[in-house]
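I opened this entry to keep track of what I looked up. The notes follow the order in which I checked things.

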2 protein chains.
Amino acid sequence: MENDKIVIGITHGDINGISYEVILKTLADARVLDNIIPVIYGSPKVAAFYRKQLDIQGVNLNVINAVEELNPKRINIINCADDDIKVEIGRSTPEAGKAAFNALERATADLQTGSLQAIVTAPINKKNIQSDAFHFPGHTEYLEEKFGTGTPAVMLLVNDVMRVAVVTGHIPVNDVAKSLSVEKIVEKLQALNISLKQDFSIVRPRIAVLGLNPHAGDEGVIGNEEQNIIIPALKEAQEKGVVCVGPYPADGFFGAGQFSKFDAVLAMYHDQGLIPFKAISMDSGVNYTAGLSVVRTSPAHGTAYDLAGKNQALEDSFRQAVYMAYDIYKSREINREIARNPLKVEPKFEKSNNKVE
Amino acid sequence: MENDKIVIGITHGDINGISYEVILKTLADARVLDNIIPVIYGSPKVAAFYRKQLDIQGVNLNVINAVEELNPKRINIINCADDDIKVEIGRSTPEAGKAAFNALERATADLQTGSLQAIVTAPINKKNIQSDAFHFPGHTEYLEEKFGTGTPAVMLLVNDVMRVAVVTGHIPVNDVAKSLSVEKIVEKLQALNISLKQDFSIVRPRIAVLGLNPHAGDEGVIGNEEQNIIIPALKEAQEKGVVCVGPYPADGFFGAGQFSKFDAVLAMYHDQGLIPFKAISMDSGVNYTAGLSVVRTSPAHGTAYDLAGKNQALEDSFRQAVYMAYDIYKSREINREIARNPLKVEPKFEKSNNKVE
């Protein structure tokens, strides 16, 4: 079934964090190669260092110069770092930032030409990667500039029990309320709705929307963003065909397990979504950037400098990111196929309300 | 051991919610009477209605006119409602608000004279209880006016795994950042510290403090309240003898289970504390008002109109509130005793750093 495999680029992220540990531990399980052809954008030298330092068995790397040379049965690696690159475990260094950026540039170029079908990005350090060429708060914004589709990119966190997206991301709490608008929430809901259909093959997604304020504002007693922004946005999105309900008080929503009744939850700000997501299932989260023309996933954790080099990092999140990239790519493929060959509608159904959305 | 029992007043809250259900189910277990003498401030008529409607066995009420008439071996009830009071299950009515307020007034009067040793308040509806006499956002502020001690009252949520307090309460998210100040955080930390010692008998409490912004501000990249307010407050509180650490990024803090290393967590705003508290342990939370001269607890849930009259409410939270009121009263008693009879310090220790705080 070689033809069913997809080529996934893996960018090495920050070489001084836990990225090589989770990449190598994931690829050490040979079953991963049943479904994917991995191409690491990194440094064979750094990989060898960590493989030895962490005593990881069963990973034999095939060093190649370009993606066209890949061996479909092996773990391929393209060197994106200087030959004299130095690992400094647990430290943020300029050369680590440069190597992280080079890997990202090279992988996205191969994604653009179609040589890669998806990428999984290991965590970067958001400070040392900054340069004239990389001036983004993170991967998401960088990728949105290259692969945006008109609808906004949505950071979607996915684990076994829930999918959570946020309207506002890495901004101060003091800016959250003034950053909300009907338009922004409607756009996010539409992008989320499309993603749930094409990326997760959910025919008719149900989305829960959280309130902004404590108790979702208690009918205007504690803040008025629910009345003035969120409820009108819900109505407009519903009119545009999005099945969405809310606004829910965030504390009770997660406490009562209501997330299990929905395909996704839209939170208003970072911690409102990420606190419950991590509290309920820390080690198994995947960060998926919905709304791009390409497929990109990453683990929900960061560089974790404090854990680096100790052989204590869990690769679960990274492994799930790899499999999710595969699943999403396949889901998109199937949905494109369906769109090309729609079922012929029998005459007796023609006047029904069943629309192909 | 009749002398070890304490008299606890139970206010009936909103008669159209789940309050009678959780009160009666709690008191139906006769073991509660081993430790406490309950006096319900409510309505014998409404109690009889729910006892029949929900088919609750084993609760025989002793109707009395005043707390002085209580029978220490029985469940006592004082009528605080009109004789023609009508239950309208699941609805907010003005007469329910009036009955809730009357019960509260009567119970706090008995608390003031020392006839009650503690109170447990069933949930009220924060809208229908409002009047010229009750113009507070909730129980906490009402009780703070009557029983304040100079230090601010602190809403402390307690369950089996954590204690969480919040700096700001029922205010819009847009007002949170501007409501924070070094002084306010220091005051809350001091009040919390005193409560952990005297109410929970923790000799040297350790308190974790959360940041305000995503990633606790990422060293000033995402908001500056950590640098300008929270970190200076931590330093000042530490100088005043409070053992406190932070600021922690809230999502990772709860996700990694770090709360288990601390005696309490101070969150900056309502949802930051209540989302993880409820997500991790919804049914077993108790709301304790620290910093009052008297002991008051309540269940962490609200009136739950949607569950009322269906025999589906869990009494766990209410039962724990009753036992916690008992435990806190006893802890205070012991600590007063210790303060009255401090251990004589042997000369050789006199110059050590061991201070009685």
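**How the copies meet**

I started with the interface. Of the interface residues of chain B, 100% are also interface residues in chain A, so the copies meet through the same surface. I note that this is a predicted model.

I then traced the strand order. Chain B has an open sheet of 12 strands with mixed pairing, in the order 3-4-2-1-5-12-11-6-7-10-8-9. Its edges are strand 3 (61-64) and strand 9 (243-248) of chain B, each of which pairs on one side only.

I picked one pair to follow up. Strand 8 (residues 206-210) and strand 10 (residues 264-267) of chain B run parallel and are joined by 3 bridges. I found B:Val265, in strand 10 of chain B, as the bridge partner of B:Ala208.

**Helices on the sheet**

Which strands does helix 7 of chain B touch? Helix 7 (residues 182-198) packs on the sheet and touches strand 6 (154-158), strand 7 (163-166), strand 8, strand 9, strand 10 and strand 11 (286-290) of chain B. The direction of helix 7 makes about 160 degrees with that of strand 10 of chain B.

Helix 10 of chain B lies across strand 6, strand 7, strand 8, strand 10 and strand 11 of chain B, and runs at about 160 degrees to strand 7 of chain B.

Conventions
Residues are numbered from 1 along each chain as its sequence is written. Chains are lettered from A and ligands numbered from 1 in the order in which they are written. This is a predicted model: local features need pLDDT of at least 70, side-chain atom pairs count only at pLDDT 80 or more; totals for chains, interfaces and linings use all residues. Side-chain values use heavy atoms; hydrogens and water are left out. Two strands pair if DSSP finds at least two bridges between them. Helices (H or I, at least four residues) and strands (E, at least two) are DSSP runs, numbered from the N terminus. Contact means heavy atoms within 4.5 Å. Axes are lines fitted to C-alpha atoms, for helices over the stretch in contact, and angles run from 0 to 180 degrees between N-to-C directions.
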